[in-house]
2 protein chains.
Amino acid sequence: MGEFGLIKHLTKDIQPVQPSTKKAVGDDCAVMDFSPIHNSQFTMHNASDVRVLMTTDMLLEGIHFNLEYVPLKHLGYKAAVVNFSDIYAMNGTPTQITVSLGISRRFSVEDIEALYSGIRLACEKYGVDIVGGDTCASMTGLTISITCLGVAAEKDIVYRNGAKLNDLICVSGNLGTAYMGLQLLEREKLVAQADEKAQLQFEGKEYLLERQLKPEARRDILESLRKAGVKPTAMMDVSDGLSSELLHICSQSNVGCCIYEDKLPIDYQAAALAEEMNLNIVTCALNGGEDYELLFTCSLDDYEKLIPIDDLYIIGHITKPEHGCNLIGRNGEEITLKAQGWNAFSRSATKS
Amino acid sequence: MGEFGLIKHLTKDIQPVQPSTKKAVGDDCAVMDFSPIHNSQFTMHNASDVRVLMTTDMLLEGIHFNLEYVPLKHLGYKAAVVNFSDIYAMNGTPTQITVSLGISRRFSVEDIEALYSGIRLACEKYGVDIVGGDTCASMTGLTISITCLGVAAEKDIVYRNGAKLNDLICVSGNLGTAYMGLQLLEREKLVAQADEKAQLQFEGKEYLLERQLKPEARRDILESLRKAGVKPTAMMDVSDGLSSELLHICSQSNVGCCIYEDKLPIDYQAAALAEEMNLNIVTCALNGGEDYELLFTCSLDDYEKLIPIDDLYIIGHITKPEHGCNLIGRNGEEITLKAQGWNAFSRSATKS
């Protein structure tokens, strides 16, 4: 059934009863309105435009990370950043997190300090407070569950369902790079296992490692968009792969899309490693997960404003729903997009 | 170092940077003020007295629950209720939860539906919305991580640090009952293991099972206090055992306490089973966890208002800090309280 299928199945007929619940399951975050107007117990009865955003991510050892090559500090950093990325993907600002850890006996206090120092470093960088959590023994591996709150003005929030016909499809950074970083780590792990004295081949590929081990959330892109006076019509972060995320936006917005192979932003280190490993870099860019870039749609009227923005790429446009979701190859061939993303539920590829 | 020691160690020098963070680590919940006044990006600049509360609990198979005798639906119900209990322990109202599940292969979709149906039942009963979550494969057992939001007017929030000299110490319901329910389940599990055809001895002890398997959060007590016009000076829920929780209140309020053995509310089924199993029921009442009753302190002036409240017991009073934290036995002997509670970090006793 897969992760998305199971969540959909379990939550399909849930009807919110709290007036403060504005958006429940189905986007990067839940959205709450805690204005006093909704609660007779409070003394002030003005509406406010502040919305509280909430998202959560669980990381399990052996599924989402492999401590053979992921340093604990990096793991902590990434565990926090992936949550911030979900808040930014709603055009919000992350403000608080809670951190729950399940820790087995093989971890020392120093190990947990290292993990926590990574979480704290991410929080310092993004201005987020750690406000609580739960720490308990685990019979097995390491479990990390982080929940993040954020804020946004109601008028600023960008959902997944707002893409309109002819909107431009944009993506930040580059795609498939974190996935190639994972491939590199997996390859070198096997090399090291076969020969303890082997020289690991990371030189010239440091950027791939960084993208896999220490991703950043694209707060800078939102700032650029704000300065340029552009508000996306729909937005997500790319955690499961471009194809999968685009299909979410299209299905929720009831539109189709057309993206172009030659417009996909691909890093040259990633392309070189893909060549070396006999992988198709376009497939990696479409389906590799964990890039934590922002994928969004904008009105065609914003085209001129988008062009000067650094590290932003227009990769296609929104079509009528009956045209489906397609990639146009370099030779003009039309390929139907499929969600093959790094779904941690259906296979054991690393995903978070 | 223990769970509390480790959390304290990891979070000791964290300084909140978000103006919306009013209380971070150290109470039943974190407290946030999302009034627009703190955020220049918002259009309205009035202060509001709404505070957002946040709490989180992680439950790990083999540590917090044993699926040999805990039905999945009950487990889901309890996993939600323990979070609600933390919100009520701040005198707030729970409003939203996110639910993250790590699920290993041995669980079927029907199993997860059963678990989720328990969570949903608890949400319906307490008027709480499920607004998100994460569902992923686990290499090992079942992991449940729930984060709960709630609301309270600023003036209504009760922290742990407000107990004053001569305040009355009150507790709802009864103590040690959930622990005796666990002892009963453990005993009968061994009986069943030894002889598959053995008749399990649950008759006349159903209440103990209910307290262990399907605890309720004491929303009703808060309603009674509100109607009586009483606001506690300090409050917690009893999840780790009375001694442990009282020591938290006293240390955070910088006071001592004196409670009386003959005032401790003890259920007769629990007392009978303790006798049968050769356990000291007073020790169980002091140190047994998972009762999810409310423990709070009130001004002595509220004495007359407290007396008529159903299922509420005055068990002692607050003293000067130099007197320490003591239990007065039936024969007048003074026993120093120790935190031996059901700390899931230092041992594998069931606790949530």
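1. Helix packing in chain A. In this predicted model, helix H2 (residues 72-88) of chain A packs against helix H3 (residues 109-126) of chain A at an angle of about 40 degrees, and their axes lie 6 Å apart. H2(A) and H3(A) are therefore oblique to each other, and their crossing is right-handed.

2. Residues of the helix contact. By class, the residues of the contact of H2(A) with H3(A) comprise 15 nonpolar, four polar and two charged.

3. Extent of the chain interface. Contacts between the chains involve 67 residues of chain B and 67 residues of chain A. On the side of chain B that touches chain A, at least two residues each come from helix H1 (2-11), helix H3 (109-126) and the strands S2 (30-32), S3 (50-60), S4 (93-103), S5 (129-137) and S6 (143-153). S5(B) provides the largest share, nine residues.

4. Composition of the chain interface. The side of chain B that touches chain A holds 34 nonpolar, 27 polar and six charged residues.

5. Relation of the two copies. Chain B is superposed on chain A by a rotation of 180 degrees with 0.0 Å of shift along its axis, at an RMSD of 0.0 Å. This is the relation of a two-fold axis. Both copies use the same surface, since 100% of the contact residues of chain B recur in chain A.

Conventions
Residues are numbered from 1 along each chain as its sequence is written. Chains are lettered from A and ligands numbered from 1 in the order in which they are written. This is a predicted model: local features need pLDDT of at least 70, side-chain atom pairs count only at pLDDT 80 or more; totals for chains, interfaces and linings use all residues. Axes are lines fitted to C-alpha atoms, for helices over the stretch in contact, and angles run from 0 to 180 degrees between N-to-C directions. Helices (H or I, at least four residues) and strands (E, at least two) are DSSP runs, numbered from the N terminus. Angles under 35 degrees count as roughly parallel, over 145 as roughly antiparallel, 65 to 115 as roughly perpendicular and the rest as oblique. A crossing is left-handed if the near helix is turned anticlockwise from the far one by less than a right angle, and right-handed if clockwise. Ala, Val, Leu, Ile, Met, Phe, Trp, Tyr, Cys and Pro count as nonpolar, Asp, Glu, Lys and Arg as charged, and the others, Gly among them, as polar. Two residues are in contact if their C-beta atoms, placed from the backbone, lie within 7 Å. Copies are superposed by least squares on the C-alpha atoms of residues with pLDDT of at least 70 in both.
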